[in-house]
Structure formats: C-alpha cells, structure tokens
Number of protein chains: 2
Amino acid sequence: MSGPDTPVPVIDLDRVERNIAKAQAYCDQHGLRLRPHIKTHKLPVLAHKQLTAGAIGITCQKISEAAVMAASGIDDILLTYNIVSDSKLPALTQLIWATEHLTIALDNDVAVNLAGRAALQAGRELDILVEFESGKLRTGVLTPEQALTLAKTILATKHLNFAGFMTYPVSQVSGDWVSRAKDLFSKHDIPITVFSGGTTPLMWQAHEVAGLTELRPGTYIYHDRATVAAGAATLDECALHVHATVVSTPEPGRAVIDAGSKTLSSDRISPEYGEGYGLVLEYPEAIITNLSEEHGVLDVSACQNQPKIGERVRIVPNHVCVVTNLHDEIIFQRDGVVQGVYPVWARGKTR
Amino acid sequence: MSGPDTPVPVIDLDRVERNIAKAQAYCDQHGLRLRPHIKTHKLPVLAHKQLTAGAIGITCQKISEAAVMAASGIDDILLTYNIVSDSKLPALTQLIWATEHLTIALDNDVAVNLAGRAALQAGRELDILVEFESGKLRTGVLTPEQALTLAKTILATKHLNFAGFMTYPVSQVSGDWVSRAKDLFSKHDIPITVFSGGTTPLMWQAHEVAGLTELRPGTYIYHDRATVAAGAATLDECALHVHATVVSTPEPGRAVIDAGSKTLSSDRISPEYGEGYGLVLEYPEAIITNLSEEHGVLDVSACQNQPKIGERVRIVPNHVCVVTNLHDEIIFQRDGVVQGVYPVWARGKTR
C-alpha cells in the first residue's frame, strides 16, 4: 500500500542503463553511429547518459524540444522535422547558436528556404538531410530523382550543406532506395555521407540495411508493450511502469484504477499483440477495457485474485513516448528505492 | 500565412461567453444549479467567468486540479473522485482548508474512511455524495440498497454529512434510480438534498431527469466534434480550434500537418459520427487518417483545392478536454485578434 502518490510513471534506472548499453554495443559491433531520439524520455539527464555511453548526438523532432536539450549542454542535434513557417525563424536561429552541430532533415523547398535564412541570420553553416519515404506514407520524397532535385536546391543555397538521407522507419526497403539514389547521385558527383534511419521495433536488424550509417531509435531506452510485441525487447527490459491505485471495485470482475487517458494516453496496439490500454503486471489476465480521462476500467473476471481498493498496481504502457509527454514529473528508482524525482523538461514541446 | 506559431489551441472568447450564457440560461429556466466541470478548460480565468454568470461552484476530478482552482479564489468545489490512498491525505486536508465548501463524491468505504480522516485533521465538516452507476460501467454503487449501506457509514463518520447522489452520465435511467433510492431512504429518514448529474451531450434534456438538482457539464464551454455529433451543439459553437501548419505535401492527395497525437490526442469518435482525428475547417472533405506524435497525415484526395506547404489550417478536435491537457499555453482571441496567452494551470494534474 505504500509508495509514491499515484498515478505516476516510475523508471527503473538499472534497466535504463542496461538498455542504453545494449543498444550502444549493437551499434559499435556493426559500425553504426547511434543518435537516440529523445522524444521517448524527454529528459536531459538520460540524454547525457546516452551520450556518455557513446552516442554521437541526439535526435529531436521539434525546435522547442531541441532547445531544452541544447540548454542542458548537448551540442550535436539532428532535427527530423520540416520547419516551414516564418514564425519559427527566431527560435531556429537561436537553436543554431545554441549548438555546435545542428542538422536538419526535410523534404521540400520551403523548408530548404527557411533553413537557409536561419543559417544566414545565425552566420553559421547547417547540414541538411533529405527525408525519403520508406513505407510510413507520412513525410519524405518518393523517388531518388526528387531527392536529387532537392539536393541541388540545398547545394545552391548559401550556408547549407547536403549531407545525405534520413528515413523513418528504416528497413530493407530503405536500403534499396538509398542504393538506387547513390547510383544517381554519383552520376552528378554529389557525395552522400549520412544515411540515418529510425526504428526501435526493427533496430536489431539495422545492420542488414545496406549503407546505413546512423541509427535513431527512441523507445529502446524504456521499451513498452508495442516493442515487446514486435520482438525487440522482453517484458523484463521495460524500464517505465505507470504506478496506479485501485479506487473502486463496483462489482465482481470489474476494478477501476486512477490511471486514465491523461496518464496512459489512448494509444492502442494491434489487436493481435494484445488487448486494452496496457499490461497490468500484478494481474496479467486483466484487460484495461476502457479509459476515461482519470479512470481506467479493468475487466478482472479472468483473474484468480480480485484487486482490492487501495491496492497499487504497475502498468506497462502500450506506447511509452506518449506517456512521458503527459507527465510533468517522473520518478527514478533502483531496486524499488526512489533515487529522485525529475521534471520532464522537454514534455509538451510541440513547436 | 500569419498568426501565432503552430501547433497551438486557440479559443474564441465570444463563443465561450455565448456557450456559458446559454447553459446558465437553460439551468436557470429549469431550476437546475450549474456546477461546471473545469476539466475541459483547466483555466481559472474561465472558471471565474462561469461563476460570474451564475454557476454555484465548480467540479474537479483530482485534488491537484482542485488545488489550482482553490488557489485562484474559488471556494465551492465538488470532487467527483474516490480518494483512497493515505498518500493523498495531506493534499486533501490542505484542500479542505483552501475551500469554503468542499464536497466529495465516492462509492466505497475506503474513500469514506479517508474523507473522514481528512475532515478530522482539517477540523472541518465535509459533504459527501454517493456515486451510483447509470450506464457507464465505471464507478458507482449499483443499487439503492448499496447506497443506503454506504450512506449509513457516512452518517456514522464524524465530520461527514451525507448530502445525496452523484452520477455520470446523467439520463432518464438515473432519474428512475434516484426515485427508487428516495423511497428507500425516506423509510430510513435520510433526506436527499443533492442529485448531481454530469453530461454535455445530453445536457439539454437534463430537465426531463426526475429529481435532478445540479448539472455538471464540462465540454459545453468549448464543444467539440463529439458534442456536435451528439446534437448538443453546432459547429459554429465550437470555441476551440487547433491551429496547425501544412509541413509537407509528398504526393497529390496527401498533406501532412504539424499537429499529431501530442497536439490532438489519439481520441476517436464513433465511426458513424465522423472519420479521423478531427475536422479540418478549411478542408472539410479532408480526413486526418493517421497521427504520429508530431505529424498528422491528411487524405486530401476528395478536396477540390490541395493544401500548400506553409498554409495554416484550423482543426475542430474530436475530444477537446484531452487536447487542453496536452498544451502548456492557450491563446484567447476575439474576432481573430489575440487577447492573451494563458498558461493552462490545471493541465497535467492527475493526482
């Protein structure tokens, strides 16, 4: 019945350190540079652990997120986002000043133009990666020919260097795309030094992707129900548990916890991988069938023992990155003993 | 192309004031007391507008949320949540001190015991409502007989007053339940002074619920795609729009905006009410088919005009309460002119 007030995300630091070391060892073994995406933890203290272990820099999605990391003393950042609005010019210029080496990935002319203006204002050079489509159908140019046109625009823009390619998610398909692009680019004497790919679910197969130079996993530091389902981790490697309390047991077979969508998010995983909104470690047969903002409703009819009001449970979330975005603070533990309470400084940084 | 940096939630203050006035007029007309749920806006400044218009107090879900409102000078608060953990005793005691009139709704003995201990520590009396089940299958006692047992425990606890019943969502069913409970309670000489029901979708039918004394709508202040779908509002009454920017148009028929699940949440609405993760006002035929954390992918193949990179769009979210929880700041406008940028003080208050 004792422990920190709930609901609250709790990190097992030993697991975090093992996850960091394992990913670094894999990358070292295969000659890949590791550039973790910090969107999973949003904590400078853990980004610095990743760098100390051997990461060459970090990945951020948004300028405001990168600004937090830069302010904490991190000087090599890849921004994997199209920045296209004039309203972002001052913040981007400041970010260039705040870093030693900023790289931006983009897929269009407008973003090239804005990057060029920011670099000019900052009086500094920027490395640019061209993002390409590899199955997500989100952002990214479709063909090597489109990439070539964009690379030429980059090369024609003062203060910008074309450095290579970026994609998400990375898999065999992207290796083939880059091979074709390399053939095309070499005919135009444009060297490609970076091929950066993001994934946690497929990260342990990244060495099979032809030409990949840099890996950008995010979730691997904590793992979650989705990466376990994908076979990229075991349940024992999941380093973030949401601690919650049973607040109601209105009838046999139903229990309600104080973790709803404001705590766990509404993110689901594919039905073949698991039901509900997370895995309750103490009651693996329980299904979190419904979430309101502050309530999680559990079907515990398949459980031998029934949860009692006041009892604490730990939940492995479906998608851990969105969970950390919901919480202002996170607790660090070792062997169940609290080591500190950290503000999640880079949460809510959507701009 | 101009306007505040995106993504950002923007409030139309005129619409907010009309929504507040309309709900208050409805309640006044039907002799209902209005006790708005502040989870929708999470802003003291708007809670005070609701009170000035005639609300008798506010509703909060969690102690930490209520503490923000109390600190802003609001002294009549209903907490509609089972508080069962000893770890919450200090915060609950403080909240009793910080308010003139605190009421707690609960459905079990453990919560009664904790409320009694907090009231004792605070040296004050607390009003208690018994929550009952009315179709949500979340929290709440099932039968009037169970409510009677719990009411007797409340009456036997020093410093606690039994004041009546609470349910969510309120509808005709709950009126019938309360009628049966009143018969039972009158045989035991236990008066029922409060019957508090929560709903926005069914709020305009609340006067048909037998015995209802108090209405606790939340979403009505902003409305969203779900309450419009339910027939409780028109699209013109939706007061919160998420402003976003088109950041990529990789191929005809696909556009990507800078609002993903960190901005809009992953909440869906029933398929019969609408597809995707929100309604794009400038492109009503567009479907927001997929959300990543920072990207929203739009299928714009049915749109006559295609969105351009850098273009701003406004989105009516599926579920507005979870959107406000994601943002540290919110912009107020009148006639499209910014009136202020407000910190969302009660966001992230899950404990």
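## Aromatic pairs

In this predicted model, a search of the whole structure gives 18 aromatic pairs over all chains. One of the pairs is formed by Phe332(A) and Tyr342(A), whose rings are stacked, with 4.4 Å from centre to centre and 25° between the planes. The angle counts as stacked because planes under 30 degrees apart fall in that class. The pair links distant parts of the chain: Phe332(A) belongs to strand S16 (residues 329-334) of chain A and Tyr342(A) to strand S17 (residues 337-343) of chain A, ten residues apart.

The two partners can also be described by their accessibility. Phe332(A) has a relative accessible area of 2% and is buried, whereas Tyr342(A), at 30%, is partly exposed. In chain A there is also one aromatic cluster, formed by Phe132(A), Phe162(A), Phe165(A), Trp177(A), Phe185(A) and Phe195(A).

## Charges over rings

Arg268(A) lies over the face of Tyr277(A), 4.2 Å from the ring centre. In chain B, the charged end of Arg268(B) sits over the ring of Tyr277(B), at 4.2 Å from its centre.

## Two copies and their axis

Chain B is superposed on chain A by a rotation of 180° with 0.0 Å of shift along its axis, and the RMSD is 0.0 Å. This is the relation of a two-fold axis. The same surface serves both copies, as 100% of the contact residues of chain B recur in chain A. Among the residues of chain B, Ser266(B) comes closest to the rotation axis, with its C-alpha at 2.8 Å.

## Thr103 in chain A

Thr103(A) is part of strand S5 (residues 101-106) of chain A. Its relative accessible area is 6%, so Thr103(A) counts as buried. Its side chain makes a polar contact of 3.4 Å with the side chain of His101(A). Leaving aside residues up to four places away in sequence, Thr103(A) touches Ile77(A), Leu78(A), Leu79(A), Asp127(A), Ile128(A) and Leu129(A).

## Helices of chain B

Helix H6 (residues 144-155) of chain B is made of twelve residues. From its first C-alpha to its last it reaches 16 Å, close to the 16 Å expected at 1.5 Å a residue. Its buried residues are Pro144(B), Ala147(B), Leu148(B), Leu150(B), Ala151(B) and Ile154(B). These buried residues pack against several elements of chain B, including strand S5 (101-106), helix H5 (109-122) and helix H7 (172-187).

Ala25(B) lies in another helix, H1 (residues 13-29) of chain B. Ala25(B) is partly exposed, with a relative accessible area of 44%. The C-alpha atoms of Ala25(B) and Gly54(B) are 9.1 Å apart, although 29 residues separate the two along the chain.

Most residues other than glycine have a negative phi, and most peptide bonds are trans. The cases below depart from that pattern.

In chain B, a cis peptide bond joins Thr6(B) and Pro7(B), with omega about -5°. Pro7(B) is in the segment before strand S1 (8-12) of chain B. Another cis peptide bond, also with omega about -5°, joins Tyr168(B) and Pro169(B), and Pro169(B) lies in the loop between S7 and H7 of chain B.

In chain A, His159(A) is not a glycine, yet its phi is positive, at about 75°. His159(A) lies in the loop between helix H6 (144-155) and strand S7 (160-167) of chain A, and is partly exposed at 22% relative accessibility. Asp335(A), also not a glycine, has a positive phi of about 50°. Asp335(A) is in the loop between S16 and S17 of chain A and is exposed, with a relative accessible area of 71%.

Terms used. Residues numbered from 1 in each chain as written. Chains lettered and ligands numbered in written order. Predicted model: local features only at pLDDT ≥ 70, side-chain atom pairs only at ≥ 80, totals over all residues. Heavy atoms only, no water. Phe/Tyr/Trp six-rings, centres within 6.5 Å; stacked < 30°, edge-to-face > 60°. Helix = DSSP H or I, 4+ residues; strand = E, 2+ residues; numbered from the N terminus. Buried < 20%, exposed > 50% of the residue type's maximum accessible area, 1.4 Å probe, protein only. Lys NZ or Arg CZ within 6 Å of the ring centre and 35° of its normal. Polar contact = N/O pair within 3.5 Å; in protein donor to acceptor, adjacent residues only side chain to side chain. Contact = heavy atoms within 4.5 Å. Expected span 1.5 Å × (residues − 1). Least-squares fit on C-alpha atoms with pLDDT ≥ 70 in both.
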